[in-house]
Amino acid sequence: MTTLLYTHPACLEHDTGFGHPESPARLTAILNALRAAPFAALEWRDAPQATAEQLTRIHPPAYVERIFARVPRQGHFALDGDTILSPQSGEAALRAAGAVCAAVDTVLRREASNAFCAIRPPGHHAEPNQAMGFCLFGNAAIGAAHARAVHGLKRVAIIDFDVHHGNGTQAAVERDPGYLYISTHQAYIYPGTGHRGERGIGNIINIPLLAGSGSTDLRHVWRHEIEPALREFKPQLILISAGFDAHHMDPLAELNFSEDDYAWLTRRILEVAADHCAGQVVSILEGGYNLSALAASVAAHVKALMEAPARDHIP
Amino acid sequence: MYEFLKYEVRDAMTADPIAIGPNARLREVEEIFENHDFNGVPVVDDQRHLLGILTKFDLLKAFSLDAHALAPHYDTIMEQPAEAVMTRDPVSVEPRLPLSRLLQKLVEMRTKSLPVVENGLLIGIVARQDVLKALRRATIQHEIPLHQDSPS
């Protein structure tokens with residue numbers, strides 16, 4: 001079975017302004033890496049636009065309208081100090097959320113084993129009613145809600161290994177037992193949420209890591225916290241909020257993951273997916289701001305997706 | 001070295017140092033650091049009562065990652081007033097303190113300079129370089145070399 005790559009040229013046109021770390025160059029670096037020979041078997045697909053129905057499963061219609069109303073005809077509009085709109089931002093955001101929904105559809109229809117959505121703007125900081133932290137729409141939450149609503153899934157897990165806590169995803173799913181949200185992130189940095197005590201209705205697991213944490217810590221929390229929780233939940237689909245800014249070369253944080261760690265973690269997630277949900281995994285790009293570290297980490301992650309173990313059973 | 005033991009802080013300090021008010025913007029402080037070889041600048045009120053000290057370390061700390069923004073914003077941070085990031089109630093020394101005692105303090109605290117305060121008012125600042133200079137001055141003039149080869 002194949003691994004799909006969803007992306008769209010509009011995601012390169014979302015312009016955050018001079019010097020902004022969440023730049024189109026991030027996606028260019030990723031796509032260039034994925035055009036190399038080892039990725040020849042990747043099946044590239046154009047992301048469709050998300051529909052209003054898909055967006056409003058997470059965001060109130062008035063919020064969606066407000067975002068589009070602020071997209072400037074030219075230049076930039078700053079929603080906050082971090083979160084910038086340019087003329088193509090609305091289109092890029094639609095393609096980003098649309099990529100996740102399309103990937104969920106294709107994987108759940110068993111046309112592919114798994115998928116990676118190489119998209120921007122990222123989504124996990126966007127709360128139902130608040131854009132922030134480079135994020136406009138909650139791509140992962142929108143994909144999870146789509147899987148529940150359209151495919152009738154009862155249990156969708158979201159694993160978020162971006163170095164920042166996914167406050168937006170958490171806010172979207174914390175009152176619904178059909179979702180399990182697990183996040184590893186660096187403690188005390190942006191956005192300041194993600195404490196262990198934030199447990200939702202028992203469906204949120206926050207694992208803050210201290211600055212300087214690396215491979216050993218990741219393996220420890222996987223074995224003792226993430227894997228047991230994931231297996232107990234018995235997910236029917238696993239979404240990954242795949243940020244690569246916990247890499248030891250990233251300028252916006254101080255965790256010390258490596259490309260090998262991302263490959264290792266991806267393989268572990270795929271093993272659980274093979275046991276519980278026929279390997280059905282959709283991974284979604286979030287952060288990662290050192291271009292070469294980002295490209296190498298995504299390459300390691302996608303390579304692991306392409307080498308996913310065979311499905312043990314079809315539930 | 002005996003001559004050095006007679007020195008007091010007031011003999012080595014820079015008197016009437018440049019100081020800033022609590023509302024000075026970090027942008028102005030940065031400009032002071034650009035133009036002078038200071039590691040820190042004292043923060044005083046209108047009567048020159050010492051309120052705090054703002055060092056390059058404090059300025060760096062203002063840019064370290066925290067929960068406020070995904071990436072620190074240079075312009076926003078540089079518009080903050082000195083009192084937002086200064087070190088309050090800083091350690092200070094009196095002008096009559098023996099310089100040898102000050103040297104000890106600088107070493108123990110690993111600090112680069114200390115404000116000199118008399119009756120609560122800032123009157124000077126004394127830095128590592130001032131002490132080094134005083135050491136050289138004291139010994140060049142008065143120290144007798146330990147092994148003097150005298151012609152027989």
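Two residues are in contact here if their C-beta atoms, placed from the backbone, lie within 7 Å. Among the contacts in chain B between residues at least 6 apart in sequence, 67% join residues at least 24 apart.

This is a predicted model, in which local features need pLDDT of at least 70, side-chain atom pairs count only at pLDDT 80 or more, and totals for chains, interfaces and linings use all residues. Residues are numbered from 1 along each chain as its sequence is written, while chains are lettered from A and ligands numbered from 1 in the order in which they are written. The model scores ipTM 0.71 and pTM 0.89. For chain B the mean pLDDT (the predictor's confidence in each residue, from 0 to 100) is 91, and 92% of the residues reach 70 or more.

**Chain B overall**

Chain B has eight helices and six strands; helices (H or I, at least four residues) and strands (E, at least two) are DSSP runs, numbered from the N terminus. From the N terminus on, the order of elements is α-α-β-α-β-β-α-α-α-β-α-β-β-α. The C-alpha trace spans about 75 × 35 × 25 Å along its principal axes. The radius of gyration of chain B is 19 Å, whereas a compact globule of 152 residues would have one near 15 Å. That radius is taken over C-alpha atoms, and the globule rule is 2.2 Å times the number of residues to the power 0.38. Of the 152 residues in chain B, 27% are buried. A residue is buried if 20 or more other C-beta atoms lie within 10 Å of its own, exposed if 12 or fewer, and partly exposed in between, with C-beta atoms placed from the backbone.

**The three-stranded sheet of chain B**

Strands of a sheet pair through backbone hydrogen bonds, either parallel or antiparallel. Chain B holds an open sheet of three strands in the order β2-β3-β4, with antiparallel pairing. Its edge strands are β2 (40-44) and β4 (87-88), each of which pairs on one side only. Two strands count as paired if DSSP finds at least two bridges between them. β2(B) and β3(B) pair over five bridges, and β3 (residues 50-55) of chain B pairs with β4(B) over two bridges. β2(B) and β3(B) also form a hairpin with five residues between them, and R48(B) in the turn has a positive phi of about 70 degrees. Six of the six residues of β3(B) are buried.

| Residue | Stands opposite |
|---|---|
| V41(B) | L54(B) in β3(B) |
| G52(B) | R88(B) in β4(B) |
| I53(B) | T87(B) in β4(B) |

**Helix α7 of chain A**

Helix α7 (residues 215-233) of chain A has 19 residues and should span 27 Å at 1.5 Å a residue; its end C-alpha atoms are 25 Å apart, which agrees. The expected span is 1.5 Å times one less than the number of residues. α7(A) bends by about 50 degrees at W222(A), the bend being the angle between axes fitted to the seven residues ending there and the seven starting there. W222(A) is also among the buried residues of α7(A), along with L218(A), I226(A), L230(A) and F233(A). The buried residues of this helix pack against β6 (156-160), β7 (179-186) and α8 (259-277) of chain A. Just after α7(A), K234(A) takes a positive phi of about 55 degrees.

**G194 of chain A**

G194(A) lies in the loop between β7 and β8 (204-209) of chain A. G194(A) counts as buried because it has 24 C-beta neighbours inside 10 Å. Apart from neighbours within four places in sequence, G194(A) is in contact with H165(A), S183(A), H185(A), N206(A) and P208(A).
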